[in-house]
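Please have a look at the model before I go on.

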Amino acid sequence: MKPHLSWMNFVLLTLAVSAVNFVSADETDGDGAVVTYNVHIKPILRQYCLKCHGDDRQEADLNLQQYGAVLRGGSGGKVVEPGRAGQSLLLKAITNPDPDARMPPNSPPLPDDRIAMIRKWIETGLRETSESRSMVRNRDLELALSATDDQRPVGEPAMPAENLSLVPAVDVLRPFPILAIDSSPWAPLLAVSALQQIRLVHAESKQEIARLAYPDGEPHVLRFSRNGEILMVAGGRPVEQGSVVLFDVRSGRRIAEVGDEVDEVLAADLSSDRQRIALGGSGQLVKVYSTTSSELLCRIDKHTDWITCVAFSPDGSRLATADRAGGIHLWDALTGGILLNLAEHKAAIRALDWRSDGRMLASASEDGSVIWWDVTDGFPAISQPNAHPPQRPPGTFGNIPGGILACRFSRDGRLATAGRDRVLRIWDASGTQQRSFGIESGIPISLAWTADNSHVVVGDSSGQISFHAVGDHNK
């Protein structure tokens, strides 16, 4: 007697099979076929690599002619890491900028489309055939935006008092670049950096409503507390002094100051409970201070270059730090113990930002890439390796500076990035570009979302701020 398969069991079986075989458009070769070793990668390896790394000859004990041997690697270890193209030795070898170190030796570099195919094969899970399962787990449900404790104020959101003094503007020989900008999470209020001052701008009228004195020097970082009642300002004077100051938003009064650096502070953040400040700069150290006692709580000395970014997770339990060499580390914010090393970028990190639920961290680099990190395991959940390609003006030659200089999440999970290509880009939660805006006045170096998520405000190298309507997903 044949076993009976109920209608419900049949449906569940069908769904299970469908789930195993489902692939997104980002995993295909452009013609709808899943990128696999047998169909797409082995022909490339045969053309360029198998004379030295095949069945007949294995330089460095590496055989690329058999799928299983590729996964095993050679005498130097694994050559492919599923989901991590930037950390895979195979991709590093064929993209090395040094012609003496690049593979294959004594040959031109592989064509861009071949490199892109190998990259996609690694990032989509190293499938052998179209029926194979990806070695990268499906993160869609795991990384969906979840509910957050957003510290919404009970009463009216904090705004500057009407009698708050407007200190005179500082005279400058040329426009001072907007090094930092931030938006109150609950009020129509922007904080904009200026030389020895902080400008407070109404986000709806776009008019300056107050100005805070900052005689300490150049403000490099501005951050509102998560309830919008405190403004953190970090900066100082180059090769002279640096510190972090907290201002009361309503009164404009300085309420705390921590740090006594011998150079300006380049990176800082305030924890969600407003009890700790993390800072860093050219000294290559990350220091965490108490805001109530100004006591140094811990020092982190793992970085080997200038600290460019620090960011507390929304719940304050973790601290992300980054440096000028492209290194990113994730720490236990209370103990200073290392949790994860996030190694993908090849150049200075210019921005870090946590998604509102703390499940994802975005990083933007001078190497032109932006990465959405899964902070549960340190793997890139989404990667855009050439998010802001440099534009070559007519009649120019040589290398064109590229790179991403700013990135910030909205409360609903979208990401805004801006780069040396003078473009603001908006990405949805899956890493797909939604919109882009040209920045004409200067190079965009800072940005912030307005409290209602309807606009992104960009500060640029010419000292101008610009408002860009991007819409509100919650409406």
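By buried I mean under 20% relative accessible area, with exposed over 50% and partly exposed in between, for a 1.4 Å probe and protein chains only. This is a predicted model, in which local features need pLDDT of at least 70 and side-chain atom pairs count only at pLDDT 80 or more, while totals for chains, interfaces and linings use all residues. Residues are numbered from 1 along each chain as its sequence is written, and side-chain values use heavy atoms, with hydrogens and water left out.

Helices (H or I, at least four residues) and strands (E, at least two) are DSSP runs, numbered from the N terminus. In helix H2, residues 37–48, the buried residues are Tyr37, His40, Ile41, Ile44 and Leu45. Seen down the axis of H2, these buried residues fall within an arc of 120°, taken from the directions from the helix axis to the C-beta atoms, so they line one face of the helix. They pack against helix H3 (67–72) and helix H5 (112–123), where contact means heavy atoms within 4.5 Å.

Turning to the rings, those of Phe, Tyr and Trp (its six-membered ring) pair if their centres lie within 6.5 Å, and planes under 30 degrees apart count as stacked, over 60 as edge-to-face and the rest as tilted. This rule gives three aromatic pairs. Tryptophan 372 and tryptophan 427 have ring centres 6.1 Å apart and planes at 80°, so the pair is edge-to-face. Finally, Tyr37, Tyr67 and Trp121 form one aromatic cluster.
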